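Here's a quick tour of a protein model, written for someone who is just getting started. Keep the 3D view open and follow along, topic by topic.

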Amino acid sequence: MKNMRHVLGALLLWLTGIAVAAPPVYLDDTQPVEERVEDALSRMTLEEKVALCHAQSKFSSPGVPRLGLPENWMTDGPHGIRSELLWDEWSPAGWTNDSCMAFPALTCLAATWNPDMALRYGRALGEEARYRNKNVLLGPGVNIYRTPLNGRNFEYMGEDPYLASELAVPYIQGVQSCGVAACVKHFALNNQEKDRHYVDVELSDRALYEIYLPAFQAAVQRGKVWSIMGSFNRYQGQHCCHNQRLLNDILRGEWGFDGVVISDWGAVHNTLEAAYNGLDLEFGSLTDGMEFSVDNAYDDYYLSRRFLELLKSGSIPESVVDGKVRNILRLMFRTTMNRNRPYGSFKNRAHGEVARQIAEEGIVLLQNRDNVLPIQLEKIRKILVVGENAIKMMTVGGGSSSLKAWYEVSPLEGLRARIGDVAEVVYARGYASPDPPKSVMYTIPSLQTDRSADELLAEAVALAREADYVIFVGGLNKNGHQDCEGGDRKSYSLPYDQDRLIEALAEVNPRTVVVLVSGNSVAMPWADRVGAIVEGWYCGSEAGHALAAVLTGDVNPSGKLPFTMCERLEDYHAHALNDSLVYPGVNHREVYKDDIFVGYRWSDKQKKDRRPLFCFGHGLSYTTFEYGKAVLDRKQMTAADSLRVRVSVKNTGSRAGAEVVQLYVSDLKSSLPRPIKELKGFRKVMLQPGESREVEFVLDRTSLSYFDDAKHAWVAEPGRFEVLIGASAEDIRSRAGFELKP
Ligand code: BGC
């Protein structure tokens, strides 16, 4: 008997030994990923493969339970983890543990001009996503700021492809360090919300490669992003989620992308195109393609039953679905099947700290007449805060990026917390906007008021007369057409008659500070009549604290504009031509006649009196910086060389502060028309009073090249170039020339 037990024990050991020694290859994380992918693929039925390619709920897609392959769970993105929704509805699921940390919107991140902030942002967001068991974070958004009317500019990183690239890469690396895939979006040319489902964009290859693609390419090749979202619009007549040129030729072919292409929600329209043109994973489709859906229609998706039938009949070869499944399996191995990924963490103080620092570094001081800011706390008795945006929750609204935030410190709360014990902080509403629709309102109190616009204005003006400072907090507000997905702004002006109110306040109080909460530029007809203007962005949970810190000087502002702020809408190239074909399109056809001349690339070419109100890269500080001469390590280079540029920058004021040293390259003569200058480097340096630092940049042929449509290649054309070092696109402090030799 005892012997028998020994024998059985040995047998068991032997058997379990075998099991431990040889799990199936796809479950063995010591094996190379590609072998695991092939092994898993070889075990799957056709039905299982097709099931992987489309959603099963609003935000999840199935795995293969039989093989222990997990589901994928997506979450918006891009500046906080969206609350849980019902399985097949857009209504909230009503969880009590899904209130997230709200980080500043991406325009604010871009305005930090600080890649380290982008890394911390991505890491904190990745930790939140991971904790909430999401393996794909739907962000960052890197569409280019082509028009200030675009309703989603606040979710993107401005007008310059270089700046957006430099910030997207660390954001992605941060998210993915948590074992969560970033999903860079919306690929590509989704630069407006108006007609976004239909508009067919035409543009030169040069504009495509120089302006609209670089941030995506950087995300893929340098950020090694694991997923990408196709956009709603069309390009070359095909919807971008199944677009031969964008997905097969460029993304996979030229850039070597090996991750998953995810559709935008409801952006797929055709089974054959979806099968052949690069899409892997279909989400959010509506039964009739555009407007309408029945419940749980997942079997009716383009990559569902119809796809399976075509595969079964042999009309589509199995290799087509295999390609998609390989990409999806790779995503699983990188995320859910990675046993070593960290556990993540959610809405904690550390994440609040990250959110606050980004907000503090991103807020831009646009104007500061007579040094009206910082608020001189020792000299004041009474501060009047005016404006709805001082009390309105801004983490809610705007479309899919709307958040259920753990907390949100409003500007009024932030100012009261900081100033309340040294001065009286009085509040007047000043103006009112209508409440957004009920679907947006579920987590926020109504701000409805019965008082008329005149009453609100009169009250604010009366109080303004007696205040030491008037802090007006207005701007846009994420209501429909006011920085919101699904529609563009209808006007460049501030809504709700805010201009009239600002003029009236400025007339009675010279120390009027205008804080704009927005993700877009607005008309500022009152600019020369107010003391200070601050771009306050949508700053998330810590908005009020960050704003108060900047206004009082606890934090010295160091944000710089990631896009040009023009005086009039017509000063933007997409509007200058006064041609509906250029924006918003005619009969769903839109031609980017503005070509590569977007943002400062356009305003640089305008006469002095049509230059921007506040240019790209602009942002003031409470201290001053002096730049030395730009010094090059050589006067000549070839395309194989690199060129070092050194410049010193000194804090010549009495406060510590950070400066963003910007490097632009100017091609003095070229066979193709080129922008007067283009951003090719920047460095943010923190300096104590009196301290100076040398900043170094390295340029190579990529910094000098343009994209030649005819050759379909980047060309660094020999000739004379100039390096421009500046504190903004218009504030160039030093120049140095060099020659590119053949
Ligand atoms: C948006 C995407 C978003 C998706 C899921 C779409 O309407 O365009 O950016 O990630 O919805 O909410």
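Strand β6 and strand β9 (residues 260–262) run parallel, and 3 bridges join them. Strands here, like helices, are DSSP runs numbered from the N terminus: a strand (E) needs at least two residues, and a helix (H or I) at least four. Two strands pair if DSSP finds at least two bridges between them. Before going further: this is a predicted model, in which local features need pLDDT of at least 70 and side-chain atom pairs count only at pLDDT 80 or more, while totals for chains, interfaces and linings use all residues. Residues are numbered from 1 along each chain as its sequence is written, and side-chain values use heavy atoms, with hydrogens and water left out.

**The sheet around β6**

- On the β9 side, Ile228 stands opposite Val261.
- β6 also runs parallel to strand β4 (residues 181–187), and again 3 bridges do the joining.
- In that pairing, Val184 faces Ile228 of β6 from the opposite position.
- Which way do the residues of β6 point? Ser227 and Met229 point one way from the strand (residues 227–230), and Ile228 and Gly230 the other way.
- Zoom out and you get an open sheet of 6 strands with mixed pairing, in the order β1-β2-β3-β4-β6-β9.
- β1 (60–61) and β9 stand at the edges with a single partner strand each, so one side of each has no neighbour in the sheet.

**The ligand**

- 14 residues surround the ligand, and the closest are Asp76, Arg152, His186, Asp264 and Glu485. To count as near, a residue needs a heavy atom within 4 Å of the molecule.
- Sorted by class, that shell has 5 nonpolar, 2 polar and 7 charged residues. Nonpolar covers Ala, Val, Leu, Ile, Met, Phe, Trp, Tyr, Cys and Pro; charged covers Asp, Glu, Lys and Arg; the others, Gly among them, are polar.
- An N or O atom in the side chain of His186 is 2.7 Å from an oxygen atom of the ligand.
- For Glu485, an N or O atom in the side chain is 2.6 Å from an oxygen atom of the ligand.
- Arg82 has a polar side-chain atom 3.2 Å from a ligand oxygen atom.
- How much of the ligand does the protein bury? Taken alone the ligand exposes 310 Å², and the protein buries 95% of that. Such areas come from the Shrake-Rupley method with a 1.4 Å probe.

- Most residues other than glycine have a negative phi, and most peptide bonds are trans.
- A cis peptide bond joins Asp76 and Gly77, with omega about 0°; Gly77 is in the loop between β2 (72–76) and α4 (106–112).
- Another cis peptide bond joins Lys185 and His186, with omega about -5°, and His186 is found in strand β4.
- Trp113 has a positive phi, near 50°, and its place is the loop between α4 and α5 (115–131). Buried or exposed? Trp113 is buried, with a relative accessible area of 0%.
- Tyr496 has a positive phi too, near 60°, and is found in the loop between β13 and α17. Tyr496 counts as partly exposed, at 22% relative accessibility.

**Helix α17 and Lys382**

- Gln498, Asp499, Leu501, Ile502, Ala504, Leu505 and Ala506 are buried in helix α17 (residues 498–508).
- What covers them includes β11 (382–386), α16 (453–466), β13 (469–475) and β14 (512–517).
- Lys382 is found in β11, and Lys382 is buried, with a relative accessible area of 16%.
- The side chains of Lys382 and Glu466 make a polar contact of 3.3 Å. A polar contact is a pair of N or O atoms within 3.5 Å; within protein, one must be able to donate a hydrogen and the other to accept it, and residues adjacent in sequence count only if both atoms are side-chain atoms.
- Not counting residues up to four places away in sequence, Lys382 touches residues including Ala423, Glu424 and Tyr469; contact means heavy atoms within 4.5 Å.

Note on methods: Buried < 20%, exposed > 50% of the residue type's maximum accessible area, 1.4 Å probe, protein only.
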